[in-house]
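Hello,

Here is the structure you asked about. Please look at it first, then read the notes below.

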Amino acid sequence: MSFRTALSALAVVAAFASLPAAAEEVTLRAVNAFQEGTAFAKPFEAFIEKVNAEGKGLVKINYIGGPKAMPPFEVGNAVKSGVVDIANVTGAFYTNLMPEAEALKLAERTIQEQRKNGAWELINKLHNEKLNAYYLARTGDGVPFHLYLNKPIDKPDLKGLTIRVTPVYRAFFAELGANLVQTAPGEVYTALERNVIDGYGWPTQGILDLGWQEKTKYRVDPGFYVVDVNFLVNLDTWKKLSDAQRALLTKVATQIEASNADNAAINQSEIKKQADAGIKPITFEGKARDTWLGTAREAGWAYVKKVAPQHADELRKLLAK
Ligand code: 173
C-alpha cells in the first residue's frame, strides 16, 4: 500500500469513526425535587416534553421522577457527582453545597433581567465551582412565599409558634421568634396532621396540589421573597454535549423562562382556590406590613452575608433593586 492510499484509508476510517459520535442521540437522566404533576414540577415537565419532541435524534431526557426517586435535599449532590445529568431543584435544597443559593430567593429582578445585568453569569459561575453544574434555567419568578398557619396572629410576631421551614424561611421566621422544624415538602402533611407544627412556609402555588388545604386555616399576606426553582445540568455532561444539543436545551429553557410571566395569573387562581377551600387570609397593612417585609428582606440578606461573605454584597447589588 502506497503512503497516499494508506493516508486516504486513514481519512475514511477517521470520517466514519467520527460519524456515530456526531449523529448519536444523547440520553440525559433527570430528577425532580418536587412531586410530579405539582406546581413547581410542571415547568420542568413541560421542558422535558418539549425537548423530547423537538430533540428526536439529538437529545432525549429520561425522567426518573420526583422525591420518591430521590430525596429533595440530595438532588444537589446527585447533580454534582453526575448520578443525574439534569435536575429541577430550588436553591434552598442545596445551600449545603452552595451557601450563595440563599440569595436566589431575595432577587427583585427577573431571570431575564439577571441574564442582562451579569447576575446570571455570577450565579452560573458559583454553580460551576460549587455544584459542578451549569445553571440552565430559573422558574418561579413572580411567585412569592407565605406563612401558612393553624393559629391566628395579629402582628408580625411568631413567638411560641412551631413552624416548618427550609432554608428559605429560616432566618426570617427565627428573627420573629418562631421555633423552627426543617422538613422536606413530603413530610408537611403528616406534621400538620399530628399537630407537631403550627404552620409552615410555602409559596402561593401548590397547596391544593399537595392536599394541605385540608389541614390549613390561615395564609399570612403579603407574600415575601420569590421562588427560585432551577434547571441544573451536571457540568461534565454539559461540556460533553455538542453545540446543537446545547442550543436545543438552551432554546427550550428560554421558552420555559418566558412562561414565568404566567405566574401572576396562576397566583390569582390559586388564591381563589385557597379561599374556596376555607383558607383565610391574615393581611398585614401599614406599619405591620413594613415590619413583615422589611424583616424578611434584612434577615435574608444578613444571613447571606454571614454564610457567603465573599459574594453577598455583589449578589445584593445584582439581584436587589
Ligand atoms: O418550602 C419549601 O420546601 C421550599 O423551600 C420551596 C422552595 C421553592 C418552591 C417551593 C418550595
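**The ligand and the cavities**

A polar side-chain atom of T166 lies 2.8 Å from an oxygen atom of the ligand. Please keep in mind that this is a predicted model. R164 also places a polar side-chain atom 2.8 Å from a ligand oxygen, and for Y169 the distance from such an atom to an oxygen of the ligand is 2.5 Å. The ligand would expose 300 Å² if taken alone, and the protein buries 100% of that area.

In total, 16 residues surround the ligand, and the closest are R164, T166, V168, Y169 and W202. By class, this shell holds 12 nonpolar, 3 polar and 1 charged residues. Strand β8 (residues 199-203) gives the largest share of the shell, with 3 residues.

Where does the ligand sit? It sits in the largest cavity, which has a volume of about 120 Å³. The lining of the largest cavity consists of 15 residues, and F34, T90, F145, Y169 and W202 are the ones nearest its centre. Of the lining residues, 12 are nonpolar, 2 polar and 1 charged.

The count comes to 3 cavities of 30 Å³ or more. The second largest cavity holds about 40 Å³ of space. Its lining includes E102, K105, P167 and V168, and by class it has 7 nonpolar, 1 polar and 2 charged residues. Helices α6 (170-175) and α12 (286-307) each supply at least two residues of this lining; the largest share, 3 residues, comes from α12.

Regards

Methods:
Residues are numbered from 1 along each chain as its sequence is written. This is a predicted model: local features need pLDDT of at least 70, side-chain atom pairs count only at pLDDT 80 or more; totals for chains, interfaces and linings use all residues. Side-chain values use heavy atoms; hydrogens and water are left out. A residue is near a molecule or strand if one of its heavy atoms lies within 4 Å of it. A polar contact is a pair of N or O atoms within 3.5 Å; within protein, one must be able to donate a hydrogen and the other to accept it, and residues adjacent in sequence count only if both atoms are side-chain atoms. Accessible areas come from the Shrake-Rupley method with a 1.4 Å probe; for residues, only the protein chains shown count as cover. On a 1 Å grid over the protein atoms alone, a cavity is a set of points where a 1.4 Å probe fits but cannot get out, and a pocket is an open set with protein on both sides within 12 Å along at least five of seven lines; lining residues have an atom within 4 Å of a point. A molecule sits in a cavity or pocket if more than half of its atoms lie within 2 Å of its grid points. Helices (H or I, at least four residues) and strands (E, at least two) are DSSP runs, numbered from the N terminus. Ala, Val, Leu, Ile, Met, Phe, Trp, Tyr, Cys and Pro count as nonpolar, Asp, Glu, Lys and Arg as charged, and the others, Gly among them, as polar. Grid points are joined across faces, edges and corners, and a volume is the space filled by probe spheres set on the points.
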